[in-house]
Amino acid sequence: MRIGVIGGGQLGRMLAEAGAGFDARFTFLDPSESACAAVHGRHIQADWNDTAALEQLLAASDAITFEFENVSSDVVAMLAEQRPAYPPARALATARDRWSEKSLFRSLDIPLPPVAKIDSQADLDAAVADIGLPAVLKTRTLGYDGKGQKVLRQADDVTDAFAELGNVPLVLEGFIDFDHEVSVVAVRGRDGETRVWPLVRNEHRQGMLHCSVPQIDHPLQAQAEDYANRVLAELDYVGVMAFEFFVQGDTLLANEIAPRVHNSGHWTIEGAETSQFENHLRAVCGLPLGSTTRLAPCAMLNVIGALPERDAVLAVPGTRWHDYGKAPRPGRKIGHITVLAASDAQLQERLNAVQRLLTNDLG
Ligand code: AMP
């Protein structure tokens, strides 16, 4: 099978690695000359909206997907007229805009933080009066890894905040004093079959994912699956989708969705019976989905900004090394490390050992 991927970053690279067993051939559309997925396929170096490049991608592909949310949903809708193209354009359009995303949660009775739509400083002043401080101001589109956001703690922070974020459409959210953050990664096939991996507990640093640990028998698993299934069914979704939640007591509050394979699902490569990447390909190509069972206690640590000493990491038993082949730059995700163990206690020991070796530079 020939797969066209919009985006050629590490997610595309790992999709291609998962496709090897299917003898899948990949073509990546990415404007960067150093797209790190290109080692595993053909690289069309062009902008996402470049008509001639999209024609080339169509000609080279039996099915199309994307690994990146900055492509316009109109492009995906156009491609879907000519080839199976998943996830569906509507899911992308919803996830690209925080207000649409939150409106979807609301319409499906999924709890979420207090939120208001902000199109002016006057809207912001009114929303702060209503929601209170602290609160988090976020751009509606193009935000990721905590970028395009500002925490408003006191009245002073509010005064020029609309202009400080660039006079663009925003949302204001109540600041949630959460116990911890979790995500759930789910996949839905073309026939509507759905599978969900175990809930993952996530630790962020400076808004970026630092560590993900899949949880067995988490008390909120069923709740998270129920919310995920509502969204997947509503969007008539095909492919992998990630859902991020804040946990407060026994309540899940929806933060955001990602209509693609997700950083908090990287542990599935070695830690689950079927990885998120393989199941995404299976879904997009209309193949039966694989089991999402966790195989062993495991965790994933992101490598950001600088690679730690590889051989020292590999000397810790149970580690798996993923270097994406990207030039190191502060704040840039350039790899991850999966740690596997026979017990939770052993996992913690190994995680501590690897954490001591990390030289992450968050910028
Ligand atoms: P986001 O890009 O919305 O996922 O935000 C990045 C990170 O910022 C989240 O994973 C949280 O750690 C933090 N964050 C975002 N929104 C809120 C909120 N409303 N309350 C508290 N922390 C937040």
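The largest nonpolar core has 33 residues, and I3, F26, W197, W267 and F277 make the most contacts inside it. Helix 1 is the element that gives the most to this core, with five residues. The model is a predicted one. Its ligand lies between domain 2 (114-174) and domain 3 (180-355), because both give residues to the shell around the ligand.

**Nonpolar core**

- Among the 33 residues of the largest nonpolar core, those with the most contacts inside it include W197 and W267.
- Two or more residues of this core come from each of strand 1 (2-6), helix 1 (10-19), strand 2 (25-29), strand 9 (180-188), strand 13, helix 11 (276-285) and strand 15 (298-304).
- Domain 1 (2-85) and domain 3 (180-355) each supply at least three residues to this core.

**Ligand shell**

- The ligand has 17 residues around it, of which K138, E173, I176, E181 and E256 come nearest.
- By class, the shell around the ligand holds five nonpolar, six polar and six charged residues.
- At least two shell residues come from each of strand 6 (135-139), strand 8 (170-174), strand 13 (239-248) and strand 14 (251-258).

**Polar contacts and burial of the ligand**

- A polar side-chain atom of E256 is 2.9 Å from an oxygen atom of the ligand.
- The side chain of R98 places an N or O atom 3.0 Å from an oxygen atom of the ligand.
- At G174 the backbone takes part, with a polar atom 3.0 Å from a nitrogen atom of the ligand.
- The protein buries 91% of the 480 Å² that the ligand exposes when taken alone.

- K333 lies in strand 17 (residues 333-340).
- K333 has a relative accessibility of 16% and therefore counts as buried, the cut-off being under 20%.
- The side chain of K333 makes a polar contact of 2.8 Å with the side chain of N263.
- R13 has a relative accessible area of 15% and so is buried by the under 20% cut-off.
- From C-alpha to C-alpha, R13 and G305 are 19 Å apart in space, while in sequence they are 292 residues apart.

Methods. Residues are numbered from 1 along each chain as its sequence is written. This is a predicted model: local features need pLDDT of at least 70, side-chain atom pairs count only at pLDDT 80 or more; totals for chains, interfaces and linings use all residues. Side-chain values use heavy atoms; hydrogens and water are left out. A residue is near a molecule or strand if one of its heavy atoms lies within 4 Å of it. A polar contact is a pair of N or O atoms within 3.5 Å; within protein, one must be able to donate a hydrogen and the other to accept it, and residues adjacent in sequence count only if both atoms are side-chain atoms. Accessible areas come from the Shrake-Rupley method with a 1.4 Å probe; for residues, only the protein chains shown count as cover. Helices (H or I, at least four residues) and strands (E, at least two) are DSSP runs, numbered from the N terminus. Ala, Val, Leu, Ile, Met, Phe, Trp, Tyr, Cys and Pro count as nonpolar, Asp, Glu, Lys and Arg as charged, and the others, Gly among them, as polar. Domain bounds come from an automatic or database domain assignment. A nonpolar core is a set of buried Ala, Val, Leu, Ile, Met, Phe, Trp, Tyr and Cys residues joined through side-chain atoms within 4.5 Å. Buried means under 20% relative accessible area, exposed over 50%, partly exposed in between (1.4 Å probe, protein chains only).
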